[in-house]
Amino acid sequence: MSNIVNKLYQNNTIIYKVILFVLATVAIVYLFPKGGQFKYDFSNGQLWKYDNLYAPFDFAIQKTEEEIIIEKKKIEVSTKLYFQYNFDIVSDVKANYQRRVSSFKVSDSLSAQEINTLKLIGANTIDRVYSKGFLEVISQDRVSNKNEIIALRKDNEVEDVVFKTLLTSKDVLRLINESLKVIDNKYSSELMLDLLSEIIRPNVTYDNDFTEKIIKNEINNISYTKGKVSSGELIILKGDIVEGKKLAILNSLKSESESQVWTDSNYNWIILGYSILVALALLMLLLFLKKYRVEIFENNNKVTFIFFNVFSMIFLQTMVIKYNSDYLYVVPLSVLPIVLKAFFDARLGLFTHVLTVLLLGYIVPDSFEFIYLHIIAGIVTILTVSELYKRASLFISVAQITLIYMLTYFAFSIIKEGNISQIKWTYFVMFAANGLLSFLSIIIIYMYEKVFGLVSDVTLLELSNTNSKLLRELNEKAPGTFQHSMQVANLAEAAANEIEANSMLVRTGALYHDIGKMLNPMYFTENQSTGVNPHNDLSPVDSSKIITDHVIKGVELAKKYNLPDRIIDFIRTHHGTSSTYYFYMKEKEQNPDTKVDIKRFKYKGPIPFSKETAILMICDAAEAASKSLKKPTAQAINDLIDKIVNKQMADDQFLNSDITFREIQTIKKVVKNKLMNIYHLRVEYPE
């Protein structure tokens, strides 16, 4: 049991990566849309690059979404409007009329004959009004064309009538006046006018519910197909343009094929296929880290960070696809290379971005267009985003990325359609929104720094401020060391710029590399202003220990002040496993008969493991040694730098730093020129 526990403990980093790999694969596969994939990739306007395609089975040609929308709108426009004829109102009006006219009494102004005449005229007028129908006011504006045919519902019967035949209030008033013209008695005429105007009410209203019901029924009866393709029938020839009817048939075949592939019996096989694809992509990422970024691969925190970012981008994109694929390009995938470049390097950022886009390309519509567009945008991101701590730089970079998105989409659109009339201009708005969302990378980077303990250029800029608490303390306690650190920072930054290393990182590391000296400042020559050397009272072994301990004490001090690990790496490696050669030789002089172990005079290491830490080692040794030159001539500086670097190379100090001979020669050249400028020297020309 103890052996198993020991093996688990010894291989805990590998076990963690395996678990992380499996969890990431399962999570991404779970996010993928559950559907089969059509084996042909095509889009409108493209050439058919496959062999002649024949129908593998019978299937119907599906109408496009645009065609269905047009049909629905046509139904809504062409469907007759339904109006309701209310017989109850007619009965109520007639009953009310009979009740009112029965109350008429014979008087001096109204004879019995006139009353009978009025009764007949009034009843006749009511019949004439309701024979056509009296339309209520709010229903009069339902029809714009008065000659339009409408459907009039009378109980269970429906008859078509011309809308203008229905009477309005004005029409009813005119009809009443015409009917009363035969009455000579003014009093009788006014009496009947008041009565009829009061009791006649509209009985025809617009029946919105019934009309909507009819429209809905007709829409439900729409056919979503427009023909049939028989098995074995030629669909498209190799080299034909995918457009028009051919595009509709191919889309129908794709839809039918995917529905047939995604069945219960095939479910497990398709999930297996998804899993293999995702696992291969994530495995390529791990292999890349193991081969080219060993320090990242061995750090589980950093590997988790990279996997988390890949999963986050896939999660956002799949959620948008499930919600509405029209907003596909709103997701700012360029944030991924921005973030990874900020914390690691451009090569890793682009490699991870490409793998993520390839995975997403399998589930998005128009996959080739999606992959091409995002890979181009990712390349532009890597090439343009450099100094995140400069707001103007990030703004210009995001503007360039947005422009690339727009230009690429514009090119794809005119290739597909042959002109610009069919371009969806809303996509340009989405690309602009994508660019704006890319600015969130600054906030995301800050959050990641706190959660994962990583360092970006923004943090490096803050740390490189010489007014920070730790650097102020270094300046006060060890001013000579502070000035030495400033000079080394300038040399290292110039060298890093020349070989395209991370200049901000190496400058910040140089500023802090000797902070351990402030605990015993007078034991270092740059701080000995009085001419008194305390090493004169110590043995060479003790002196060497004090000198080499400044690395260990510097690391402890850096951790106390919560400096990032990337900065602490410069403190640990700036002397590598070199020795305090002066004290070693002094010990040999004092003990000529004793074999002196040089290991007692060596720094604990480790040796530099990046270009930046190697640059600091060269610049630190060069700047310190240059102070020992009594006559700092150009030749003396040249010989000194060559001697120092050759000694470091002979001691295998750059074995793990991934730096080339060409880059070392470039660094030497930069350091020589800078030191000559510091000592105000000119190149000596032969006479």
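Student: In what order do the four strands of the open sheet stand?

Tutor: The model is predicted; local features need pLDDT of at least 70, side-chain atom pairs count only at pLDDT 80 or more, and totals for chains, interfaces and linings use all residues. Residues are numbered from 1 along each chain as its sequence is written, and side-chain values use heavy atoms, without hydrogens and water. Strands are DSSP runs of E with at least two residues, helices are runs of H or I with at least four, both numbered from the N terminus, and two strands pair if DSSP finds at least two bridges between them. With mixed pairing, the open sheet has the order 5-4-3-6.

Student: Do strand 3 and strand 4 run parallel or antiparallel?

Tutor: Four bridges join strand 3 (residues 82-85) to strand 4 (residues 149-154). Tyr82 stands opposite Ala151 in strand 4. The direction of the two strands is parallel.

Student: How many residues of strand 4 are buried?

Tutor: Buried means under 20% relative accessible area, exposed over 50%, and partly exposed in between, with a 1.4 Å probe and protein chains only. Strand 4 is mostly covered, and the buried residues number five of its six.

Student: Which residue in the turn between strand 4 and strand 5 has a positive phi?

Tutor: Six bridges join these antiparallel strands, and Ile150 stands opposite Val161 in strand 5. The two strands form a hairpin with two residues between them, and the phi of about 55° belongs to Asp155.
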